[in-house]
Amino acid sequence: MSAAFPRRLLLSAAVAVAGLSTGLGALAQAPIVIKLSHVVAPDTPKGKGAQRFKELVEERSKGRLKVEVYPNSQLYKDKEELEALQLGSVQMLAPSLAKFGPLGVKEFEVFDLPFLFKDDAAFRNTTQTLGMELFKKLEPKGIKGLAFWDNGFHIMSANKPLHHVADFKGLKMRIQSSKVLDAQMRALGAIPQVMAFSELYQALQSGVVDGTEGVPSNFYTQKTYEVQKHTTLSNHGHLAYALIINKKFYDGLPADLRAVVDSSVKDATVYANAIAATENQQALEKIRASGKTTIYTLTPAEVNEWKLALMSVHKDMEGRVGKATIEAAYKAAGFVKPQ
């Protein structure tokens, strides 16, 4: 055997090792993927907030983190997404606060109490105090709460005018899965219908449901105003989202990448909250300009009529949400009972 053969063998081995190490290096540098799923359109405040979060994370991590945003229930519908998060099928969600009841964390439903918040400041103060405490209750479920995203006040729509409580009698009204919202519609004399957000337009168009509640930006992007003759600016509820992450995934990130996620969440939250009011006002103006629905603003007397009818919901929910939680919300929001 020639002396050249062992040298060729050693050289081949060295090349193979070099190739293996290069492959391992490339593998080590592959970005960690964060799948962020939500149920609304990309051009809503939540959709734009998710996109801003993606941009910030990818820039600040210098490509070590990659955020894939899946809007419009592309991956999961309302009822499915929390289980997907717990299983690790997605890493992040931004569900509305009504979604945590099925997990056994019913206290979040306090945010659905009708007419709890008199303005945006009252809402923000409540999320930053009581809300942050409630996030701790998600951790045993494998979920870490990161931030609250504001999306403004609810309005009502139907194919008949909704001015007085009596106008709701017998109407099938779509709601999210929330015992508080169920009780709210029943107190108004309506029949609540739990339905996935992605199915709402067709249900309204076909008459499966008669009306719904929500925020102007979602009414506009989902085009529900096209199949509803009347819209009432009631401001009876407040829509908010919890930006949440799979706790095991979050805890498993290197410390510097957790810091990137945290700073990006903070700045995306400021952005999302800042645009919510503007986006909803613009959406309302576009809905009005379409001429497809009549927009009505409740008078002070009508607002008080609605409030008086809905105070029973506050009392009824003490057993579910907890009297102490409701009292804490009252204090944080500066709530005053109607006379």
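The model is a predicted one, and the structure holds two cavities of 30 Å³ or more. The sheet is open and consists of six strands with mixed pairing.

**Largest cavity**

- The largest cavity contains about 230 Å³ of space, and 22 residues line it, with Arg 174, Gln 176, Phe 197, Asn 218 and Leu 239 lying nearest its centre.
- At least two lining residues of the largest cavity come from each of β6 (172-175), β8 (211-214), α7 (216-221) and β10 (238-246), and β8 gives the most, with three residues.
- Sorted by class, the lining of the largest cavity comprises ten nonpolar, seven polar and five charged residues.

**Second largest cavity**

- About 50 Å³ of space lies in the second largest cavity, whose lining is formed by Ser 96, Leu 97, Ala 98, Phe 111, Asp 112, His 154, Gln 176, His 238, Leu 239 and Ala 240.
- The lining of the second largest cavity has five nonpolar, four polar and one charged residues.

**The six-stranded sheet**

- The strands of the open sheet follow the order β7-β6-β8-β5-β9-β11, with β7 (191-194) and β11 (294-297) as the edge strands, each of which pairs on one side only.
- From one strand to the next, the twist of this sheet averages 25 degrees.
- Within the sheet, β5 (residues 155-158) pairs with β8 in the antiparallel sense over four bridges, and Ser 157 has Thr 212 in β8 as its bridge partner.

Notes:
Residues numbered from 1 in each chain as written. Predicted model: local features only at pLDDT ≥ 70, side-chain atom pairs only at ≥ 80, totals over all residues. Heavy atoms only, no water. 1 Å grid on protein atoms, 1.4 Å probe; cavity = no way out; pocket = protein on both sides within 12 Å on 5 of 7 lines; lining within 4 Å. Points joined across faces, edges and corners; volume = space filled by probe spheres on them. Nonpolar A, V, L, I, M, F, W, Y, C, P; charged D, E, K, R; others polar. Pairing = 2+ DSSP bridges. Axes fitted to C-alpha atoms, helices over the stretch in contact; angles between N-to-C directions.
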